[in-house]
Amino acid sequence: MNRRRLVPSGASRPVLRGISLLVVILCLAAGGSLSAVEPVIVELIPPKADNPWVGQRLTFIVEVGVAGSFSGATVFDVPKVSGAVLMKPEDRPVLSNRTVGEQEYFVQRHEFSLFCQRGGEVEVPAFTVRCGLVGQLGGERENHTAPVPGFSLAVAIPPDTKPGQLVLTTTSLRIEENWDPAPGEDVKVGDAFRRTVTIESAGIPGMLLPPLPEAEVAGIATYPAEPEVQDKTARGEFSGRRSNVVSYVCEAEGRAEFPAIEFRWWNPEDETWESHTLPAVSFAIAPNPDLATVEREGEGQGEGSTGEKKG
């Protein structure tokens, strides 16, 4: 997994697998089977993780070079990966120059994030990149399509993983809970609460962070809102944020019992499970005299109107 692969553009050319960058450069310099000037070259740098875990953010690099300068956006046909989520973060590529043989290339370095959701062998299929270029001496824009070679890797499942558990693999997980208003001792039927649980994680996108588990609480109507999901990339560091918002309405008197919620994640550096538990919440719901009065008045008006209609 530590080799780089350089692929020239052109559909008729074979994908070069398992050939190091140095060998390809020597081949070009010696006038080998590759043409002297390839308009586009593509290099894949696979993930460097020696023992990747389920849920861990794995990064690989695709470098695209053009003989001249780029024109327009570089677009990747990102494939679907069985048992994994593959993302191309919205970040500007790193730019550089490279000389291959006697040809100088202007290079874009693009970073991809791979999150494996199951253990075992995970295969990332080959995909394509589309870009435009203008030659070194100017001229019209040329559109090119080049292959990006695929790769596979073995992914380990953390020990003591619970059946059906969504594995979060991260070195840092922060959880905050807020009730608005905070339930107290004077809760009555008809009162409403807004509960927000915000999860922030290093190395996990917001879309992969967990929702609040569904729980039926006697006397409570539950109204979940769409989660607020955000991702942030800064200087190569990737983090995700998810805010789960649920509104509760007290519909019947009695005692509301919200169970504790445990969030569990695997720390790949220490190779240990860590957890954070939101405490259980319990409060009594008293009758609401105001609602009872309104209900009696509504019933009386209904009877009167019915009587008038019948008369």
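I take helices (H or I, at least four residues) and strands (E, at least two) as DSSP runs, numbered from the N terminus. The model is predicted, so I ask pLDDT of at least 70 for local features and 80 or more for side-chain atom pairs, while totals for chains, interfaces and linings use all residues. Residues are numbered from 1 along each chain as its sequence is written, and side-chain values use heavy atoms, with hydrogens and water left out.

Entry: S243.
I looked up S243 and found it in strand β17 (residues 237-250). S243 has a relative accessible area of 3%, and I count it as buried because buried means under 20%, with exposed over 50% and partly exposed in between (1.4 Å probe, protein chains only). Its side chain makes a polar contact with the side chain of T198 at 3.1 Å. A polar contact here is a pair of N or O atoms within 3.5 Å; within protein, one must be able to donate a hydrogen and the other to accept it, and residues adjacent in sequence count only if both atoms are side-chain atoms. Not counting residues up to four places away in sequence, S243 touches V197, T198, P227 and E228, where contact means heavy atoms within 4.5 Å.

Entry: H110.
I then turned to H110, in strand β8. H110 is buried at 6% relative accessibility. The H110 side chain has a polar contact with the side chain of Q108 at 2.9 Å. Leaving aside neighbours within four places in sequence, I list F60, I61, V62, V64, T74, F76, K88 and P93 as contacts of H110.

Entry: nonpolar cores.
I define a nonpolar core as a set of buried Ala, Val, Leu, Ile, Met, Phe, Trp, Tyr and Cys residues joined through side-chain atoms within 4.5 Å. The largest core holds 32 residues, of which V40, F60, V62, V64 and L114 touch the most other members. Among the elements that give this core two or more residues are β2 (40-45), β3 (57-66) and β8 (103-116). β3 supplies the largest share, five residues. A second, separate core has 30 residues, including M87, L173, L212 and Y248.

Entry: cavities.
I searched the whole structure and found two cavities of 30 Å³ or more. A cavity is a set of points on a 1 Å grid over the protein atoms alone where a 1.4 Å probe fits but cannot get out; lining residues have an atom within 4 Å of a point. The largest cavity has about 50 Å³ of space. Its lining is G55, F115, Q117, L166, V167, L168, T169, I204 and L208.

Note on methods
On a 1 Å grid over the protein atoms alone, a cavity is a set of points where a 1.4 Å probe fits but cannot get out, and a pocket is an open set with protein on both sides within 12 Å along at least five of seven lines; lining residues have an atom within 4 Å of a point. Grid points are joined across faces, edges and corners, and a volume is the space filled by probe spheres set on the points.
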